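Welcome, and thanks for taking a look at this one. Please open the sequence and the model side by side, and let's walk through a few of the features together.

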Amino acid sequence: MVISKSKILYTCIIITLLTIIYQYGRSLYMPIINKVKTKETVESIKGRLSDQVHTRLRKNLSNIGLQDFPSKLSILAFKEEEILEVWAYAYSDYKLLKSYPFSASSGTLGPKLREGDKQIPEGIYNIEYLNPNSSYYLSLKVSYPNAYEKQKAIENHRTDIGTNIFIHGKNVTVGCIPLGDTAIEEVFTLASQVNHEEIEVIISPRDFRINSEYPEVDHVTWSDELYDLIKEKLSQYTKLPE
């Protein structure tokens, strides 16, 4: 069998290209390969981080009378103060376990109304799921939009009200709540120990427990109604130890 010069040349070119890609393109393809090969699960993150997170939080847990991770959690987030609080259930009540500063913020005070408005939403939610393979290290999916927000959107003839709101790591955001990587390790690990769907998440424009004045929100006629609901919920969480 006679092999043509063109086929030999074509084969040599292919081999040369593959050699170049292998030698010099590793920075491009290896992260992709590694991500596929090392795909994390909630359980793998939990197994890797639980001991060190427990050590970091030992004093906080002891302050509220716990030795182990709590069985129930609530999360409170305040946009004006740029603070997220994790509350743990201990001895028939929720107690403040730890506070975390936002590592970045976006938007202004007032609810989220549409996709792309860069607003952190305001309302009462739960955690839909934990994402151990987030582009922002680790993340917790917030159940925005909730039934109240969907109804208000219908009443106001708004569509495309947005989705995909997370509490996550890193220090960038266009409407989510970033905490940085160390903090999200703790929040993610705490959430992985409980039924995440039962984690109540309250996102408020400000901490109404210390400043009861409602912010004025342009073009939103129902903001006071929303803030009444949030304020009532927040009253169930009285600040104590950390």
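The expected span of a helix is 1.5 Å times one less than its number of residues. With that in hand, here is a friendly tour of this predicted model. The chain has 7 helices and 8 strands, and buried residues account for 45% of its 242 residues. Of the contacts between residues at least 6 apart in sequence, 63% join residues at least 24 apart.

**Helix H3 on its own**

- Helix H3 covers residues 42–56, which is 15 residues.
- From its first C-alpha to its last, H3 reaches 20 Å, close to the expected 21 Å.
- H3 also has a bend of about 50 degrees, located at Leu 49.
- Which residues of H3 are buried? They are Ile 45, Leu 49, Ser 50, Val 53 and His 54, so Leu 49 is both the site of the bend and one of the buried residues under the 20% cut-off.
- An α-helix has 3.6 residues a turn, so residues three or four places apart point the same way.

**What H3 packs against**

- Two packed helices are described by the angle between their axes and the distance between the axes.
- For H3 and H6, the angle is about 110 degrees and the axes are 9 Å apart.
- Angles from 65 to 115 degrees count as roughly perpendicular, and H3 and H6 are therefore roughly perpendicular to each other.
- The H3 and H6 crossing is left-handed.
- On the H3 side, the residues that meet H6 include Ile 45, Leu 49, Ser 50 and Val 53, each of which is also among the buried residues of H3.
- On the H6 side, the residues involved are Thr 182, Glu 185, Glu 186, Phe 188, Thr 189 and Ser 192.

- Ala 88 lies in strand S2 (residues 83–89) and is buried, with a relative accessible area of 0%.
- Leu 61 is 27 residues from Ala 88 along the chain, and their C-alpha atoms are separated by 8.8 Å.
- Beyond its neighbours within four places in sequence, Ala 88 is in contact with Ile 64, Pro 70, Lys 72, Leu 73, Asp 93, Tyr 94, Lys 95 and Leu 97.
- Ser 204 belongs to strand S8 (residues 200–204) and is buried at 0% relative accessibility.
- Setting aside neighbours within four places in sequence, Ser 204 is in contact with Ala 77, Phe 78, Lys 79, Ile 230 and Leu 234.

Conventions: Residues numbered from 1 in each chain as written. Predicted model: local features only at pLDDT ≥ 70, side-chain atom pairs only at ≥ 80, totals over all residues. Heavy atoms only, no water. Helix = DSSP H or I, 4+ residues; strand = E, 2+ residues; numbered from the N terminus. Bend = angle between axes of the 7 residues up to and from the residue. Buried < 20%, exposed > 50% of the residue type's maximum accessible area, 1.4 Å probe, protein only. Axes fitted to C-alpha atoms, helices over the stretch in contact; angles between N-to-C directions. Parallel < 35°, antiparallel > 145°, perpendicular 65-115°, else oblique. Left-handed = near helix turned anticlockwise from the far one by under 90°. Contact = heavy atoms within 4.5 Å.
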